[in-house]
Amino acid sequence: MPLSADPASGWSVRRRLCCFALAGFVGFAFDAGILTLLANFGLDARLARLASFACAMVVTWLINRSLTFGDRAGTNIAAEFLRYLSASVLSALVNLGAFMALVTLGGPFARWPVLAVGIAVALSMTLNFWSYFKMVFTPETREPGGTP
């Protein structure tokens with residue numbers, strides 16, 4: 001099935017990307033807000049980040065499940081969330097690996113690491129969107145007669 005749309009639902013790539021961006025923005029806001037709140041209450045920033053990241057992960061999963069891929073969400077919520085978590089961790093590793101490699105190369109990436117961040121984020125977002133579409137939120141196979 002092409003990435004463009006599911007003919008039955010009529011969901012376009014543009015709609016999915018807008019919802020995906022919204023999920024990322026809201027997830028970032030939750031991550032940053034919870035991190036700031038917990039750190040201001042005296043929790044070590046590293047522990048606070050683990051908690052804030054976990055909260056942001058759940059929030060982005062809920063938004064992506066209901067908005068971005070609402071027409072594809074399955075009924076086995078636990079398995080779907082584990083696939084989401086796995087895809088997100090893989091994407092995070094790609095993000096960090098690309099950033100480290102680019103900064104290690106030196107040149108403009110060493111002088112302006114934000115360039116490396118931009119490329120790393122673009123790579124990981126692309127991987128995230130693709131993996132969510134192809135592996136996390138997959139239409140359930142239906143048996144003849146219409147039951148899953």
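1. The accessible surface of the protein chain comes to about 8,900 Å², of which 74% belongs to carbon and sulfur atoms (Shrake-Rupley method, 1.4 Å probe; for residues, only the protein chains shown count as cover). The model is predicted, so local features need pLDDT of at least 70 and side-chain atom pairs count only at pLDDT 80 or more, while totals for chains, interfaces and linings use all residues. Residues are numbered from 1 along each chain as its sequence is written, and side-chain values use heavy atoms, with hydrogens and water left out.

2. The protein chain contains five helices and zero strands, in the order α-α-α-α-α along the sequence (DSSP runs numbered from the N terminus: H or I of at least four residues for helices, E of at least two for strands). Of its 148 residues, 28% count as buried (under 20% relative accessible area, with exposed over 50% and partly exposed in between, 1.4 Å probe, protein chains only). Among contacts between residues at least 6 apart in sequence, 63% join residues at least 24 apart (contact means heavy atoms within 4.5 Å).

3. The largest nonpolar core has eleven residues, among them Phe20, Met57, Trp61, Tyr84 and Phe133 (a core is a set of buried Ala, Val, Leu, Ile, Met, Phe, Trp, Tyr and Cys residues joined through side-chain atoms within 4.5 Å). Two or more residues of this core come from each of helix 2, helix 3 (77-105) and helix 5 (113-136), and helix 5 gives the most, with four residues. Tyr132, a member of the core, is in contact with Phe20, Asn64, Phe69, Tyr84, Ala87, Ser88 and Phe137, once neighbours within four places in sequence are left aside.

4. Helix 3 has 29 residues and reaches 42 Å from its first C-alpha to its last, close to the 42 Å expected at 1.5 Å a residue (the expected span being 1.5 Å times one less than the number of residues). Its buried residues are Glu80, Tyr84, Ala87, Ser88, Ser91, Ala98 and Leu102, and these pack against helix 2, helix 4 (108-111) and helix 5. Just after helix 3, Gly106 takes a positive phi of about 85°.

5. Thr60, in helix 2 (residues 45-68), is buried, with a relative accessible area of 14%. A polar atom of the Thr60 side chain lies 3.1 Å from the backbone oxygen of Met57. Beyond neighbours within four places in sequence, Thr60 is in contact with Ala23, Gly27 and Tyr84. Val26, placed in helix 1 (residues 13-40), is 34 residues from Thr60 in sequence and 7.3 Å away in space, C-alpha to C-alpha. Val26 is partly exposed at 23% and touches Val59 and Ile63, not counting residues up to four places away in sequence.

6. The structure holds four salt bridges (a side-chain nitrogen of Lys or Arg within 4 Å of a carboxyl oxygen of Asp or Glu). One of them joins Asp31 and Arg49 at 2.8 Å, N to O, linking helix 1 to helix 2 across 18 residues; Asp31 is buried at 10%, whereas Arg49 is partly exposed at 38%. Another pairs Arg65 with Glu80, the closest N and O atoms being 2.4 Å apart. Arg65 lies in helix 2 and Glu80 in helix 3, so this pair ties together parts that are 15 residues apart in sequence. Arg65 counts as buried at 18% relative accessibility, and Glu80 counts as buried at 0%.

Notes:
Polar contact = N/O pair within 3.5 Å; in protein donor to acceptor, adjacent residues only side chain to side chain.
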